[in-house]
Each structure stands twice: as C-alpha cells, then as structure tokens.
Amino acid sequence: MIRATIFMKISSAEFVKSAFERKHWVTGRLPEIAFLGRSNVGKSSLINSLLQRKGLARASNTPGRTQSINFFLINKRFYFVDLPGYGYAKVSKTKRSDWGKMAEEYLSAREELSLSIQLIDARHEPTDLDKQLNDWLIFNKKQHLAVATKSDKLSGNQLLSRLRDIRQSFENTNVIACSAETGKGRDELWKYILGAVEKR
Ligand code: GTP
Ligand code: MG
C-alpha cells in the first residue's frame with residue numbers, strides 16, 4: 001500500500017509532565033499548541049495520531065481520564081498541551097469546576113499559547129459548552145481552530161452536512177474534519193500547527 005506523504009517529520013516526541021497547578025507548567029518559553037474539548041471527544045487520540053505514536057497521550061473510553069494539563073515536547077521545538085476535558089457529568093461539582101478553572105487559567109494567562117485546537121464530535125451538534133468555549137476564544141482573540149473529529153464514523157454526505165452545520169454555529173472559526181482512526185485531516189492540521197509555531 002502506498003501511504004500518503006507524511007507532511008511532518010517527528011524526530012522526537014516526549015511526554016514531559018502532568019501539571020495540576022500553575023507552578024508546574026513547563027518553563028522554557030517554546031510555543032504551545034493546546035487541545036481542548038469535552039471529555040471523551042478524542043483529544044489524546046488526536047495527539048497520538050498527529051505524532052504517530054500509539055500510546056504517548058493516554059486514550060481511553062473512560063471519560064475524564066485526562067485530569068491534569070499534560071505537556072509533550074515535539075522535536076524540541078514546541079509543546080502539545082493536552083487539557084482536561086470539560087462537561088463530564090459524573091464527577092463532583094467541585095472537581096468539575098477545578099478542571100474548568102485549571103483550563104481557563106491556562107488559556108487566559110499563558111503567553112506561550114500559540115494555537116488552541118478545539119475538538120468537537122463530527123457526529124453531533126456542538127454542545128452549549130462547545131459554543132461557550134468557541135465564543136470565549138473569539139472574544140479573547142485567541143488564535144484558534146475547530147476540528148470535527150471521529151469523522152470516520154460518518155459517510156461522506158453525512159460529514160459534509162455536519163460540517164456545514166458546525167461552520168454555521170462556529171462563526172469566524174476554521175473547521176476541519178479529522179479522524180484519529182484513519183488519519184484524515186492530519187496533514188492539513190499540521191499545516192495550521194506549523195504556521196502557528198513559525199509565527200512566534
Ligand atoms: P479525556 O481525556 O477523558 O478528556 O478524553 P479524550 O478527549 O482525550 O478522548 P480519548 O482520546 O481518550 O478518546 C475517547 C474514545 O474515543 C476512545 O475510545 C477512542 O478510541 C475514541 N476515539 C478517539 N478518536 C477517534 C476517532 O477519530 N475515531 C474513532 N472511531 N474513535 C475515536
Ligand atoms: Mg485524554
């Protein structure tokens with residue numbers, strides 16, 4: 001089988017740390033690319049797929065698995081930041097708001113943040129929390145991009161119509177379809193990521 005050209009060469013990708021508090025964020029001032037979205041939407045899987053490393057960012061079907069801010073150093077040049085998922089109903093209220101606080105603190109304060117990649121499930125309407133986050137990113141003038149993931153679960157026509165709806169509810173936001181399962185959208189997503197890294 002002939003594989004599509006791999007646009008991005010990953011010479012190194014390493015998990016650096018999990019931070020539960022601001023003082024544990026990495027130092028070194030490299031650009032950071034953050035992955036956001038509700039619990040179980042596929043953030044860790046997309047990171048693994050971009051890096052073509054299977055178990056680097058943990059992926060599971062136990063929602064709420066990623067509870068800390070996780071930093072991955074790529075090619076010693078920039079970081080991927082896996083943020084806790086929001087909107088998982090089964091955790092206690094205090095824990096839920098801790099997560100929100102952690103993510104919001106990171107998003108609003110972090111100077112190194114170069115691009116926020118917001119994941120939504122390609123199969124569904126964006127939830128109220130998805131819309132709130134998108135509005136927040138726009139209002140706060142954050143470089144951002146939306147990824148409709150798990151697109152492998154839809155037919156071509158279904159996907160086109162879902163993308164139309166998502167673009168309508170996420171105004172002023174580029175939306176691309178991806179799948180961690182098939183690699184769809186990977187090269188296009190890398191272009192955005194490298195564009196953001198190089199701008200700094
Ligand atoms: P939290 O860490 O809990 O916030 O979840 P997450 O957003 O990191 O999701 P994770 O990557 O753990 O994926 C959740 C589930 O969705 C797992 O069972 C994955 O195998 C599955 N999944 C993720 N991406 C895709 C995809 O593109 N296609 C399909 N079919 N399944 C996917
Ligand atoms: Mg995760």
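How many of the nine residues of helix α1 (residues 43–51) are buried? Select that range in this predicted model: eight are buried, and the helix is mostly covered. The buried ones are K43, S44, L46, I47, N48, S49, L50 and L51. Now step just past the end of α1 to Q52, where phi is positive, at about 50°.

Next, select D121, a residue of strand β5. Its relative accessible area is 4%, so D121 counts as buried, the cut-off being under 20%. Show side chains here: those of D121 and R123 are joined by a polar contact of 2.8 Å. Leaving aside residues up to four places away in sequence, D121 touches R38, V41, T149 and K150.

Move on to helix α4, residues 156–169. From the first C-alpha to the last, its 14 residues reach 20 Å, close to the 20 Å expected at 1.5 Å a residue. Colour L159, R162, L163 and I166, the buried residues of α4. Turn the view to look down the helix axis: these buried residues fall within an arc of 105°, so they line one face of α4. On the other side of the helix, select N157, L160, R164 and Q168, which are exposed.

Notes. Residues are numbered from 1 along each chain as its sequence is written. Chains are lettered from A and ligands numbered from 1 in the order in which they are written. This is a predicted model: local features need pLDDT of at least 70, side-chain atom pairs count only at pLDDT 80 or more; totals for chains, interfaces and linings use all residues. Side-chain values use heavy atoms; hydrogens and water are left out. Helices (H or I, at least four residues) and strands (E, at least two) are DSSP runs, numbered from the N terminus. The expected span of a helix is 1.5 Å times one less than its number of residues. Buried means under 20% relative accessible area, exposed over 50%, partly exposed in between (1.4 Å probe, protein chains only). The arc is that of the directions from the helix axis to the C-beta atoms. A polar contact is a pair of N or O atoms within 3.5 Å; within protein, one must be able to donate a hydrogen and the other to accept it, and residues adjacent in sequence count only if both atoms are side-chain atoms. Contact means heavy atoms within 4.5 Å.
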